[in-house]
Amino acid sequence: MADQYGVIEAVNVQYVGPFDFEELYRHLYVWLEWRGYDIREKKYKDKVKPKRPIQRELEIDWLAFREVDEYTRFQYKISFRIINLKEIEVKRGDETRKIWQADIDILIWAYMLLDKDDKWEQSQLLHFFKKLFETYIYKGQVDKWEEVLYFEALAFKDEAKALLNLYKT
């Protein structure tokens with residue numbers, strides 16, 4: 001099994017207020033795609049609670065990954081939790097738009113996978129060489145990739161925060 005190193009563990013972006021869900025979703029999706037990530041939507045759950053007042057919740061989970069080299073993969077797990085969702089009308093200039101008002105919680109995990117294809121796990125001898133390789137030969141590269149992923153994940157978090165703060169009045 002590939003060795004998984006957690007670079008960022010559950011970084012949180014919280015926001016309460018109006019926002020354009022389609023723009024948020026599309027912008028963050030394109031942000032990841034532009035950096036070479038393949039994105040899989042693992043979960044999309046839209047719940048409506050019938051109690052008064054009617055409440056709507058969204059749960060969305062993404063898994064994004066990018067092959068860095070033959071040995072390493074960057075991987076994100078991103079969870080959107082949107083509660084108390086309701087549609088509101090906002091007037092900007094002469095234009096009236098419908099956007100959403102909600103409590104948003106975005107959790108971001110960033111991982112680095114080494115030996116992503118498990119080529120070095122086929123025997124105990126290969127596993128021994130894998131540990132030597134990672135400890136002595138590839139260590140500098142692992143440190144470099146870890147730093148790249150760390151700052152990239154923080155940039156993703158900042159992008160989400162900046163986009164949501166556009167709607168603050």
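Arg81 is partly exposed, with a relative accessible area of 25% (buried means under 20%, exposed over 50% and partly exposed in between, with a 1.4 Å probe and protein chains only). This is a predicted model, in which local features need pLDDT of at least 70 and side-chain atom pairs count only at pLDDT 80 or more, while totals for chains, interfaces and linings use all residues. Residues are numbered from 1 along each chain as its sequence is written, and side-chain values use heavy atoms, with hydrogens and water left out. Across the whole structure, a search finds eight salt bridges (a side-chain nitrogen of Lys or Arg within 4 Å of a carboxyl oxygen of Asp or Glu).

**Pairs between strands**

- Arg81 forms a salt bridge with Asp61, with 3.1 Å between the closest N and O atoms.
- Because Arg81 belongs to strand S4 (residues 72–92) and Asp61 to strand S3, this pair ties together parts that are 20 residues apart in sequence (strands are DSSP runs of E, at least two residues; helices are runs of H or I, at least four; both are numbered from the N terminus).
- Asp61 is buried, at 12% relative accessible area.
- Arg56 and Asp46 form another salt bridge, their closest N and O atoms being 2.8 Å apart.
- Arg56 lies in strand S3 (residues 55–67) and Asp46 in strand S2 (residues 38–49), so parts ten residues apart in sequence are tied together.
- Arg56 is partly exposed at 27%, and Asp46 is partly exposed at 37%.

**Helix-to-strand pair**

- Glu152 and Arg66 meet through their side chains in a salt bridge of 3.6 Å, N to O.
- Glu152 in helix H3 (residues 139–165) and Arg66 in strand S3 are 86 residues apart, and the pair links distant parts of the chain.
- Glu152 is buried, with 11% relative accessibility.

**Network**

- Salt bridges link Lys43, Lys47, Glu57 and Glu59 in a network.
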